Amino acid sequence: MKYKNSFICFYIISLIIFIKVKICKCQYNNNYENEKFLLKLYDLDDSLITELNLHYSYTSYLFNEYYYLYQLSNIKYAIICSEEDNDLDESEIETFVFWNVASYSIFLSSSIFLNVFPLWYNEQKKNNKHFCMRIDSVGWYDNAYASICDDEHKYPCPDLIILGVTQLTHRYYNDEIIDLNKYFRNYFKKNGRPLESLLNKYSFYDYNIDNNWLAVPVMLDFRVLKFNITTFDYCISQGYNLKYPPPINDNWGKNYRDTWNWEKVFEYAKMITECTKNPGFKLLTNYYEDMNFFINICQTLNIPFFTENSELNTKKCGLRNPEYIMKLSTLRSVFENHYIENWFNETIIETWLNSDYPKSIDNLPKIEYNDTLIFDESLINGLYYTNLFSMNEYPDIKLSYYPGTSTIFGSGFVITKKSKYPDQAFEFIEIFIDEKYPFFTEANISVTPFDDRNGKQCQLNKINKKTKCNSLLELDGIYPYYYNINNITEIVYLKHISSKSDRGISIINNNTLYPLKSKIFHNIQNINFTCDNEVSYEKKTITYKDEYRIEIPINSKENLLLKSMTDVIYINQADKTKCEIYDETSKYAKPLPFPYTNFMEFKNLELRSPVSLLFSHLYYNYYKTYKKEEATFEDLIDEFCDIVDDSLIPYCKDTKILHYSLTECNIRTLKMNINYLNCKTEKNDGIPRLITCPYLPNKNYLGFTIRLFGIIFLIIEVLLLLFPIIYRKERCIYIAGINFLIITIIFCILINMSIFYWIGEFKTHKCILKVWTMILGITGYISSYSVKSKIIISVYNNKKLKSNSNKQSIFITYGIVFLIQIILLTIWTLTHKGVQKENVYYQIIGYIELNKCSTGNKRIFYLIFIIDYILLAISIVISYQGRKIPDEFNDVRKIYISSLISIFQLTLCNLVAQYNIENLILYAVMLLLIMLISLINTIVFIMPKMFIIFNFNVTESSIRVINNSTSE
């Protein structure tokens, strides 16, 4: 029993230990953060270059191999996966595709985004999803304009793209990216602070279109001005009146923005050109940089590059002004005299100069930049307009305050509309911008798109001593430093040297030029020391102490402070000084479209490059001879503005609200041309160019046909009207009722006369008369044969119609109805607004305003026709009651047939009066039928009388009817 209890205790203890181990292991697995990743690199031929095993640090949140990665080049795309997933089947791993703007030759920026992947991967793994990420270096063109995400899967479909601010609208209006409003709201709920509140003041101009946030800003750039201090020193020594730009030289005064301006820059460019025999000014050689430069010059000179028509929401060139052209004359001289370095593609230029000048702006060439030029700041001769990015730092190249207002640029994350992982894409963005991590800072140099964060170079609280030491020693050469020992000041000469990617010093001992008086340096002569965060005699490292002072080891136990004797303000720019310049420049920088928000047509300026053509004209003086000897700068600006105006007109398929004007109705085609005022059309865009005329012109063949038949029908009806009048004493006319025949024909004539008002341009009196004549004609015609029908049936049934009261009651009843119609028409006329604009919907275009006749009070209009339908129904019922009258009493049957035909006629009248008949051929046919039915009804009652009078063998029924009534 004792052993049994011991065994049970042992079993229980083992079970508890096993459970605890399992729990710990489970907790370990849940909290485990993978550190090992596999990166595959591919070239332009999609061939695998190499595979790299990467190790991620959850302390620095960077790969340990990060500084190796950003030096890679010639990478088309890279795929990164977790080594944890090596054993998984491919179907269990999703691939997240990210398009970056890095070029094939530089992998630097892509390497920054790779560091986000491990954190993002871990978040997805919590949801039992396993991802690899593919990051493509597509460059600054394909990111915006390459085809993506088609239904046939012929093109790639990235989930996340970085787009420049001027590129957003292209993808947006192509319906290729989603708006991020939902994610912005979710960010606020999650973090308690709106994402948009973090952004700088110009983000709304760049990233918000139609109240939709299209992107999350990721990088911010602006243009800066640099100069070669060695060139300045040389030209100053040659007697040229140059001085260092601010803030290197503080003689510009506190209001340097008034004195250091573009006029001064161009003046210096001229002097440097004359001094060195090489251009004194250089533009950054890259896509669209000349356009960015020119727009920036206009903004600084208070020249509106764009003007806007607020009603049409269109923009145009703003340079067509003599005052503005005069302001640009300084820039003109820089190009004509070649004070600026040539960046044009000479092959294109040569073809252009040796070809006939195009007669249309559509055929003007696109002047591209020379992409073979070496992007190397060490080759700068004088002043340099450039961006923040620089592969290498050169001690001769200094940063100055920007003259006037700089231009701010940016790029942001967008999520594609057909992405399978939009939520995961925004989670990637959230990790990237999270201030806990270094990615956002790493991607920016000076400032970021977020107001409260600085870029890598200007994160002052994170700049270590090593970086500051490197900055202090950035200039090559031998410089004097002083130190103090026992209240005695001594001088030592240090040589600034490079040690791989860092800077350092070497002690100089030259008895003649640089004597070394103190013995304390004897142990460290001819030894190279390198900048680091700590001083170490063993490691041969020095460090930064404070402004202009470094700390060096003189033995394993002692250190010494050395202070530079050179006025470093004039020769050295520490990171602090650079960041002050960056802050000052970014403070005044504006977006290119400012004061307007981002708009799609801006990309057309980039693609057509009118600025490159303008500058080419000036550089080669071609504009003076390409058309005529006396061509002027104003002529060139006019041509430039023609291209700009055409570029800024959007295509109608991309325009949500179309403004237009309509031409007069084309008599031959019955169409009106649509002239679009705020957009332009292109082939096969599905945009209508023509619409049907709202009226039928008199001079059109259809209008002419209706008028011709109308005249013929009227002549016939007038002749038919004259017939009973002339032969009124004939027995058949007398007993048929001459008044009935005359009234019936008159109302038929009135119906036909109304048709003449239904064709031709709309005019107020025509709009009213066509309804009056038609309604009165129809009402009177139906009433007349209804009275006749009722009398015939009553006589046949031997009713005492000799009683005046009976006769009068019939006439009074129908007379009252006719009077009611007149009253209703009068009231309707008072509510009639004549010719008015009416919105007619057309597919694609939307609603178009067309001149139409007012319908007045529609309820009254409907009531008028309802009364006529009621009269017609009564007529049919009355005439139907006479169906058993013998054949010889056939007037009732004629009335019955006429009533049935009149249903069709009244319906036609209702359709043309109340509805817009767009098919004018159908409209014309309907009018002809209305007239034809009136004529037929007239003939039905007159022709039998004519046959009797002219001795045709026809039985006249009415003779007997009337005799019966008269005998009583």
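How far apart do the end C-alpha atoms of residues 895-915 lie, and how much of the span is helix or strand? The ends sit 29 Å apart, with the span 95% helix and 0% strand.

This is a predicted model, where local features need pLDDT of at least 70, side-chain atom pairs count only at pLDDT 80 or more, and totals for chains, interfaces and linings use all residues. Residues are numbered from 1 along each chain as its sequence is written, and side-chain values use heavy atoms, leaving out hydrogens and water.

View 1. Strand 11 (residues 224-228) runs antiparallel to strand 16, and four bridges join the two. Look for N228, which stands opposite I397 in strand 16. (Axes are lines fitted to C-alpha atoms, for helices over the stretch in contact, and angles run from 0 to 180 degrees between N-to-C directions; contact means heavy atoms within 4.5 Å.)

**View 2. The hairpin of strand 13 and strand 14.** Strand 13 (residues 306-309) and strand 14 (residues 314-317) run antiparallel, joined by four bridges. N309 has T314 as its bridge partner in strand 14. Four residues lie between the strands, and N313 takes a positive phi near 55°.

**View 3. Helix 24 against helix 31.** Helix 24 (residues 701-726) packs on helix 31 (residues 920-949) at about 15°, with the axes 10 Å apart. That angle makes the two roughly parallel (angles under 35 degrees count as such). Their contact residues split into 20 nonpolar, three polar and two charged. (Ala, Val, Leu, Ile, Met, Phe, Trp, Tyr, Cys and Pro count as nonpolar, Asp, Glu, Lys and Arg as charged, the others, Gly among them, as polar.) The unreviewed UniProt entry annotates "transmembrane region" at several spans, including 701-726 and 921-943. Residues 921-943 are 100% helix and 0% strand, with end C-alpha atoms 32 Å apart.

Methods
Two strands pair if DSSP finds at least two bridges between them. UniProt positions are given in the numbering used here, feature names are shortened, and annotations may be inferred rather than shown by experiment. Angles under 35 degrees count as roughly parallel, over 145 as roughly antiparallel, 65 to 115 as roughly perpendicular and the rest as oblique.
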